[in-house]
Amino acid sequence: MKLIRKGNANSFEVLKGEESKASTPVTGFALLLIFAPWITIPLIIIGLFFGFRYRFNGPDFKDNTVNDAMNSAADAAVNLKKSMEK
């Protein structure tokens, strides 16, 4: 129960620029990854190429390297897209 409580206190956010487009508790995001990974993972990857960024937000994600890794993935997608446009 403590793990579920922590998951509900933190959120997974979808950003376009600086604007939050969607937010869901980490518990809900984890359930999507477990029960529908064939939909969730491709949508996240496709979103990167359309300029969306993702982050975890909440009391357990202050100064977290997970968000740094997600920013690196978003930057890599932007660079790949730019190199394909040339």
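**View 1. Phe12 and Tyr54, a buried aromatic pair.** Phe12 and Tyr54 are both buried. The model shown here and in the views that follow is a predicted one. The ring centres of Phe12 and Tyr54 lie 5.7 Å apart and their planes meet at 10°, so the two rings are stacked.

**View 2. Phe56 and Phe61 within the aromatic cluster.** The rings of Phe56 and Phe61 have centres 5.1 Å apart and planes at 20°, so this pair is stacked. Phe56 is buried, as is Phe61. Together with Phe12, Phe29 and Tyr54, these two residues form one aromatic cluster. The structure has five aromatic pairs in total.

**View 3. The largest nonpolar core.** Eleven residues are shown: Phe12, Val14, Val26, Phe29, Leu48, Tyr54, Phe56, Phe61, Met70, Ala74 and Ala77 make up the largest nonpolar core, 11 residues in all. At least two residues of this core come from each of β1 (11-16), α2 (26-35), β3 (52-57) and α4 (65-85). Helix α4 provides the largest share, three residues.

**View 4. The surroundings of Val14.** Val14 is one of the residues of the largest nonpolar core. Apart from neighbours within four places in sequence, Val14 contacts Glu19, Ser20, Lys21 and Ala22, and also Phe52, Arg53 and Tyr54. Two of these contact residues, Lys21 and Glu19, form a salt bridge with each other, in which the closest N and O atoms are 3.6 Å apart. Lys21 is partly exposed, with a relative accessible area of 48%. Glu19 is likewise partly exposed, with a relative accessible area of 48%.

**View 5. The salt bridge between Glu13 and Arg55.** This is one of three salt bridges in the structure. The closest N and O atoms of Glu13 and Arg55 are 2.9 Å apart. Because Glu13 lies in strand β1 and Arg55 in strand β3, the pair ties together parts that are 42 residues apart in sequence. Glu13 is buried, its relative accessible area being 8%, whereas Arg55, at 32% relative accessibility, counts as partly exposed.

**View 6. The salt bridge between Arg53 and Asp75.** In this pair the closest N and O atoms are 2.5 Å apart. Distant parts of the chain are linked here: Arg53 is in strand β3 and Asp75 in helix α4, 22 residues apart. Arg53 is partly exposed, with a relative accessible area of 26%. Asp75 is also partly exposed, with a relative accessible area of 36%.

View 7. Leu33, Ile41, Ile45, Ile46, Phe49, Phe50, Leu80 and Met84 make a nonpolar surface patch of about 740 Å². Two or more residues of the patch are given by each of α3 (37-49) and α4. Helix α3 gives the most, with four residues. Phe50 is found in the loop between α3 and β3. With a relative accessible area of 55%, Phe50 lies over the 50% cut-off and therefore counts as exposed.

Notes. Residues are numbered from 1 along each chain as its sequence is written. This is a predicted model: local features need pLDDT of at least 70, side-chain atom pairs count only at pLDDT 80 or more; totals for chains, interfaces and linings use all residues. Side-chain values use heavy atoms; hydrogens and water are left out. A nonpolar core is a set of buried Ala, Val, Leu, Ile, Met, Phe, Trp, Tyr and Cys residues joined through side-chain atoms within 4.5 Å. Buried means under 20% relative accessible area, exposed over 50%, partly exposed in between (1.4 Å probe, protein chains only). Contact means heavy atoms within 4.5 Å. Patches are made of residues with over 30% relative accessible area and no salt bridge: like charges are joined within 9 Å, nonpolar side chains (Val, Leu, Ile, Met, Phe, Trp, Tyr) within 5 Å. Accessible areas come from the Shrake-Rupley method with a 1.4 Å probe; for residues, only the protein chains shown count as cover. A salt bridge is a side-chain nitrogen of Lys or Arg within 4 Å of a carboxyl oxygen of Asp or Glu. Rings of Phe, Tyr and Trp (its six-membered ring) pair if their centres lie within 6.5 Å; planes under 30 degrees apart count as stacked, over 60 as edge-to-face and the rest as tilted.
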